[in-house]
Amino acid sequence: MPGFLVNNWELKLVSLAIAAALWVFVVGGERVRWAANRIAPGALRVRIDLATAGEGESLVAMSPTLVQAPPGVTVTRITPSWVRVATVAAITRTVQVVPQIRGTPAPQYAMRRVLVQPTTVEIRGPRSTIERRGVVETLPVEISGSRETIKQTVGLVAPDAVSLVRERSVLVTVEIAPEDAMPSDEGKRSAR
């Protein structure tokens, strides 16, 4: 065996151990940094089964097994270990669709009428929110400078804690015509 390998073998062995420990530390640190970078708002989710919870307030035990985390992240503890949850009954209600129109037609043109298909939609959510809600608005339909009828499929704007049951969008038709082609009363009303 060559002499340079066995000379100062104790020192070489210690150097090798330090290099291995440093390698483990750096690689482990990179893994921790990589996992920490993947944690962002919304990356951690807690799933609680409320199937048996009745309406009202209740305490729910929290545990790391309830947390859905990104790969490489392990949840070891949750504080607080109990959370107070308020549940309310969800109901479904049929409400009117109100189209939102932005802008005005070209000069010498006016809106004749606005049609929505379907005129009503079903929404679902907490009873306290749904009972106060009589309408759902559409996203805006832009008519600035238009000289002809506009037909556009637009989304519906559901308020917080409310979901749309079936329809997520409606067809809005904005009939635009020259002012002189409109009946006099209708032309005066749309010019206001």
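Which residues is I123 in contact with, leaving aside its neighbours within four places in sequence? I put this to a predicted model. I found I91, T92, R93, V95, I130, R133, V136, V162, S163, L164 and V165 in contact with I123.

**Entry: core**

I then looked up where I123 belongs. I123 is listed with V141, L156 and V170 as the residues with the most contacts inside the largest nonpolar core, which has 18 residues. I noted the elements that give two or more residues to this core: β5 (90-98), β8 (120-126), β11 (150-157) and β13 (169-178). Of these, β13 gives the most, with 4 residues. As background, nonpolar side chains in soluble globular proteins tend to be buried together.

**Entry: whole chain**

I counted 4 helices and 13 strands in the protein chain. The chain has 192 residues, and 22% of them count as buried. I took contacts between residues at least 6 apart in sequence and found that 68% join residues at least 24 apart.

**Entry: T138**

Is T138 buried or exposed? I read a relative accessibility of 2%, so T138 counts as buried. T138 lies in strand β9, residues 135-138. I listed what T138 touches beyond four places in sequence: V97, V98, P99, Q100, V154, G155, L156, V157, V170 and V172. Two of those names, L156 and V170, I had already met in the core entry. For Q100 I also have a polar distance: its backbone nitrogen lies 3.0 Å from a polar atom of the T138 side chain.

I101 lies in strand β6, residues 101-102. At a relative accessible area of 27%, I101 is partly exposed, because that value falls between the 20% and 50% limits. Leaving aside neighbours within four places, I found I101 in contact with M111, V114, V141, I143, V172 and V174.

I48 is in the loop between β1 (45-46) and β2 (56-61). I48 counts as partly exposed, at 31% relative accessibility. I found that V46, I48 and L50 form a nonpolar patch on the surface, with about 200 Å² of accessible area together.

**Entry: salt bridges**

How many salt bridges does a search of the whole structure find? I got 3. Background for this entry: side chains of opposite charge can pair when their charged atoms come close.

I took the pair E57 and R84 to begin with; the closest N and O atoms are 3.6 Å apart. E57 lies in strand β2 and R84 in strand β4 (residues 82-87), so this pair ties together parts that are 27 residues apart in sequence. I read both residues as exposed, E57 at 58% relative accessibility and R84 at 56%.

For E175 and R113, the closest N and O atoms are 3.0 Å apart. E175 is in strand β13 and R113 in strand β7 (residues 109-117), so the parts tied together are 62 residues apart in sequence. R113 counts as partly exposed, at 46%.

For R166 and E122, I again read 3.0 Å between the closest N and O atoms. R166 sits in the loop between β12 (163-164) and β13, and E122 in strand β8, so this pair ties together parts 44 residues apart in sequence. R166 counts as exposed at 56% relative accessibility, whereas E122 is partly exposed at 24%.

**Entry: backbone**

I went through the backbone angles last. Most residues other than glycine have a negative phi, and most peptide bonds are trans.

Where are the cis peptide bonds that I noted? One runs from T79 to P80, with omega near 0°; P80 is in the loop between β3 (67-68) and β4. Another joins Q117 and P118, with omega about -5°; P118 is in the loop between β7 and β8.

I noted a positive phi, near 75°, for Q108. Q108 lies in the loop between β6 and β7 and is exposed, with a relative accessible area of 60%. A161 also has a positive phi, near 70°. The place of A161 is in the loop between β11 and β12, and at 57% relative accessibility A161 counts as exposed.

Note on methods
Residues are numbered from 1 along each chain as its sequence is written. This is a predicted model: local features need pLDDT of at least 70, side-chain atom pairs count only at pLDDT 80 or more; totals for chains, interfaces and linings use all residues. Side-chain values use heavy atoms; hydrogens and water are left out. A nonpolar core is a set of buried Ala, Val, Leu, Ile, Met, Phe, Trp, Tyr and Cys residues joined through side-chain atoms within 4.5 Å. Buried means under 20% relative accessible area, exposed over 50%, partly exposed in between (1.4 Å probe, protein chains only). Contact means heavy atoms within 4.5 Å. A polar contact is a pair of N or O atoms within 3.5 Å; within protein, one must be able to donate a hydrogen and the other to accept it, and residues adjacent in sequence count only if both atoms are side-chain atoms. Patches are made of residues with over 30% relative accessible area and no salt bridge: like charges are joined within 9 Å, nonpolar side chains (Val, Leu, Ile, Met, Phe, Trp, Tyr) within 5 Å. Accessible areas come from the Shrake-Rupley method with a 1.4 Å probe; for residues, only the protein chains shown count as cover. A salt bridge is a side-chain nitrogen of Lys or Arg within 4 Å of a carboxyl oxygen of Asp or Glu.
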